[in-house]
Amino acid sequence: MALVTGANRGIGFETARQLAAAGVRVLLSGRDREAVTAAAEELRGSGLPVEPLVLDVTDADSVRAAAAEVEREYGRLDVLVNNAAVRVEEYGRKPSEQPLEQWRRTFDTNLFAVVEVTRAFLPLLLRSPAGRVVNLSSLLGSVGTHGDPSSYAYSDMFKSLPAYSASKSALNSWTVHLAYELRDTPVKVNAVHPGYTRTGLNDGEGDLDVPDGARTGVAMALLGDDGPTGTYTHRGDTVPW
């Protein structure tokens with residue numbers, strides 16, 4: 001049983017599709033009941049084992065209710081894909097010009113919500129013989145890449161997303177800390193860079209189609225017992241912290 005957050009569209013939806021196509025039963029979650037139900041029905045119409053789950057990752061009551069529902073209905077969770085994220089900053093502003101409120105909104109979803117959701121579902125993941133946590137990060141979370149003049153992140157465009165970038169850097173740190181805590185358990189925790197994918201988050205810009213953008217996360221969700229933990233990768237390659 002896998003749970004994908006923010007899965008009614010974009011990379012989350014495609015991640016749910018690919019996991020279900022691999023034979024994994026998937027809980028497709030999001031905060032809008034109508035949108036989540038419609039997305040799940042679309043995949044179920046293709047014969048895929050997908051169920052809708054209402055989960056607003058920024059609402060503590062919603063997180064607790066979703067965890068209780070999964071425990072009641074399924075008893076455990078094998079895969080948690082923390083996909084839900086926001087980008088609220090405006091391209092074109094300098095880093096120091098981005099309002100503090102945008103920093104708070106960004107961290108609320110991209111970091112604090114991930115921590116809360118993971119903590120809520122961790123007891124169910126520990127009941128799995130092979131639990132997996134996949135955190136959808138970004139190349140913009142790579143401090144090393146941001147400092148590399150040869151990288152596309154070294155540009156006015158991407159330096160105008162300081163809160164988004166910093167939230168993903170913090171997500172990477174959370175990944176490493178949780179992986180250390182769970183190092184002696186069957187649960188593996190990894191961060192992935194999906195690639196610069198054409199989604200609404202990127203205003204339709206990008207180098208990859210959504211199916212390609214989902215593949216790295218799906219691969220880490222299906223990681224074997226001999227796979228790594230505490231890593232930050234893209235298509236099998238290590239991304240610099």
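A polar contact is taken here as a pair of N or O atoms within 3.5 Å, where, within protein, one atom must be able to donate a hydrogen and the other to accept it, and residues adjacent in sequence count only if both atoms are side-chain atoms. The model is predicted, so local features need pLDDT of at least 70 and side-chain atom pairs count only at pLDDT 80 or more, whereas totals for chains, interfaces and linings use all residues. Residues are numbered from 1 along each chain as its sequence is written, and side-chain values use heavy atoms, with hydrogens and water left out.

Ser 165 lies in helix H7 (residues 162–181); helices are DSSP runs of H or I of at least four residues, numbered from the N terminus. Ser 165 has a relative accessible area of 6% and is therefore buried (under 20%, 1.4 Å probe, protein chains only). Its side chain makes a polar contact with the side chain of His 146 at 3.2 Å and reaches the backbone oxygen of Leu 161 at 2.8 Å. Beyond four places in sequence, the residues in contact with Ser 165 are Leu 140, Gly 141, His 146 and Phe 158 (heavy atoms within 4.5 Å).

Helices H1 (residues 10–21) and H8 (residues 210–221) pack with their axes 8 Å apart, at an angle of about 55°; axes are lines fitted to C-alpha atoms over the stretch in contact, and angles run from 0 to 180 degrees between N-to-C directions. The two helices are therefore oblique to each other, a class that holds the angles left after those under 35 degrees, over 145 and from 65 to 115. Residues of H1 in the contact include Glu 14 and Gln 18, and those of H8 include Arg 215 and Val 218.

Note on methods: Buried < 20%, exposed > 50% of the residue type's maximum accessible area, 1.4 Å probe, protein only.
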